[in-house]
Amino acid sequence: MARGPRCVEHARRASRRVASGILAVAVAGCAGSQNVLDPAGPPNRSVNHLFWAMLIVSSIIWVAVVVAALWALISRRRRTREDLEPVVIVPNERHRREVGIVTGLVGATVVILLLFLVYDFTVGRALAERPSRTLTIELIGHQWWWEVHYIDPDPSKLMVDANELHIPAGEPVQVKLSSQDVIHSFWVPNIIGKRDLIPGYTSSLFLDADKPGVYHAQCAEFCGLEHAKMALPVIVHSRADFTAWLAEARSPAAEPSDSSAAEGKKIFLAGTCSSCHAVTGVEAYGTIGPNLTHIGSRRTIAAGTLPNTRGNLGGWIVDPQSIKPGARMPSNQLAGKDLRNLIDYLETLK
Ligand code: CUA
């Protein structure tokens with residue numbers, strides 16, 4: 001058995017590798033822009049406290065139950081080995097004590113479950129509480145993209161955007177959710193739990209983020225072929241930045257500054273683009289696809305599918321079906337020069 005010590009060494013190394021792998025995954029899971037265990041706002045923080053309280057208490061109880069079961073097993077085996085006499089059960093002091101212990105443990109279980117229920121109910125109530133004055137945003141789900149309306153008491157100030165959600169930090173924002181086709185689900189793991197977007201029904205939640213940053217929301221309800229490619233960057237601004245961003249976003253699209261972009265605008269308006277997409281301030285009113293008034297400043301295209309680069313934009317316009325099969329965007333066969341002009345125009349839409 002000369003291989004014995006070597007095998008032990010191999011096993012040790014393998015177990016060390018597995019342990020460091022688990023640790024790496026656990027540490028990586030503690031931060032990030034799409035992580036339910038890295039709360040970035042009061043609602044998710046209170047849910048996290050509830051989660052950890054339940055996990056810790058349940059773990060302690062689980063360990064206690066397993067230890068008690070093992071202890072019972074071992075003591076029973078020892079007894080059967082040592083004592084082969086038949087066991088005669090008579091009500092005695094020990095039996096009464098055991099009944100007392102079992103009754104006490106059942107009572108403790110009921111009390112713990114009741115405490116969890118009250119805690120859970122309190123957190124749920126706090127999440128549903130309506131703050132006095134808030135910004136309201138309407139979020140409408142489509143297969144497979146997000147339509148975003150920034151509501152203002154003055155209807156002429158309504159700002160329509162798509163595939164990006166901008167909110168101010170440090171104040172609750174009401175998000176009203178609905179759907180244009182099938183059931184979707186809005187989920188920003190760092191900020192708030194899931195809420196469904198249901199056709200013909202408007203639900204609502206309050207987003208509240210601590211500080212500026214970029215988070216990642218995802219459709220969390222299977223909604224068809226491209227469900228996985230229905231993401232939504234959530235950009236949290238400081239209040240001053242948000243006010244400036246909204247004022248800028250409400251203004252109509254800028255006029256093209258160079259001849260290539262001007263040519264691109266003509267292609268956009270004459271071709272199929274404007275029959276599906278709207279751009280505020282120009283003769284493009286399509287509502288089938290996302291509003292493109294600010295496409296040039298978005299981080300991603302195709303609802304979080306690709307980074308917003310020139311190359312990706314071109315590839316998406318020419319052959320969206322190979323990137324997101326089933327999406328309603330048709331292929332557009334354009335001459336190279338026309339495509340370049342069109343991209344130049346789209347990039348001016350900030
Ligand atoms: Cu929309 Cu899944």
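**Reading pockets, strands and rings in a predicted model**

Modeller: By class, the residues lining the second largest pocket comprise 20 nonpolar, eight polar and three charged. Please keep in mind throughout that this is a predicted model.

Biologist: What volume does the second largest pocket have, and which residues are the closest to its centre?

Modeller: The volume of the second largest pocket is about 550 Å³. Of the 31 residues that line this pocket, the closest to its centre are His277, Gly289, Pro290, Trp316 and Met329. Helices α6 (273–276), α7 (310–318) and α9 (336–348), together with strand β13 (300–301), each supply at least two residues of the lining.

Biologist: How should I read the largest pocket, and which elements give two or more residues to its lining?

Modeller: The largest pocket has a volume of about 650 Å³, and of the 19 residues lining it, Ala64, Ala68, Ile101, Val102 and Leu105 are the closest to its centre. The elements that give two or more residues to this lining are α2 (42–82) and α3 (93–128), and the largest share, 11 residues, comes from α3. Sorted by class, the lining of the largest pocket has 12 nonpolar, three polar and four charged residues.

Biologist: Turning to strands, how do β6 and β7 run, parallel or antiparallel?

Modeller: The general idea is that in a regular strand the side chains alternate between the two faces of the sheet. In this structure, strand β6 (residues 184–188) and strand β7 (residues 192–197) run antiparallel and are joined by four bridges. The two strands form a hairpin, with three residues between them, and Ser185 stands opposite Asp196 in β7.

Biologist: Which ring does the charged end of Lys194 sit over?

Modeller: The charged end of Lys194 sits over the ring of Trp187, at 4.5 Å from the centre of that ring.

Biologist: How many aromatic pairs does a search of the whole structure find, and why is the pair of Phe51 and Trp52 called edge-to-face?

Modeller: The search finds five aromatic pairs. For Phe51 and Trp52, the ring centres are 5.1 Å apart and the planes stand at 65°, so the pair is edge-to-face, given that planes over 60 degrees apart fall in that class. Elsewhere, Tyr150, Phe242 and Trp245 form one aromatic cluster.

Biologist: What relative accessibility does Phe51 have, and what is the relative accessible area of Trp52?

Modeller: Phe51 has a relative accessibility of 37% and therefore counts as partly exposed, while Trp52, with a relative accessible area of 38%, is partly exposed; the class lies between the cut-offs of 20% and 50%.

Note on methods:
Residues numbered from 1 in each chain as written. Predicted model: local features only at pLDDT ≥ 70, side-chain atom pairs only at ≥ 80, totals over all residues. Heavy atoms only, no water. Pairing = 2+ DSSP bridges. 1 Å grid on protein atoms, 1.4 Å probe; cavity = no way out; pocket = protein on both sides within 12 Å on 5 of 7 lines; lining within 4 Å. Points joined across faces, edges and corners; volume = space filled by probe spheres on them. Nonpolar A, V, L, I, M, F, W, Y, C, P; charged D, E, K, R; others polar. Phe/Tyr/Trp six-rings, centres within 6.5 Å; stacked < 30°, edge-to-face > 60°. Buried < 20%, exposed > 50% of the residue type's maximum accessible area, 1.4 Å probe, protein only. Lys NZ or Arg CZ within 6 Å of the ring centre and 35° of its normal.
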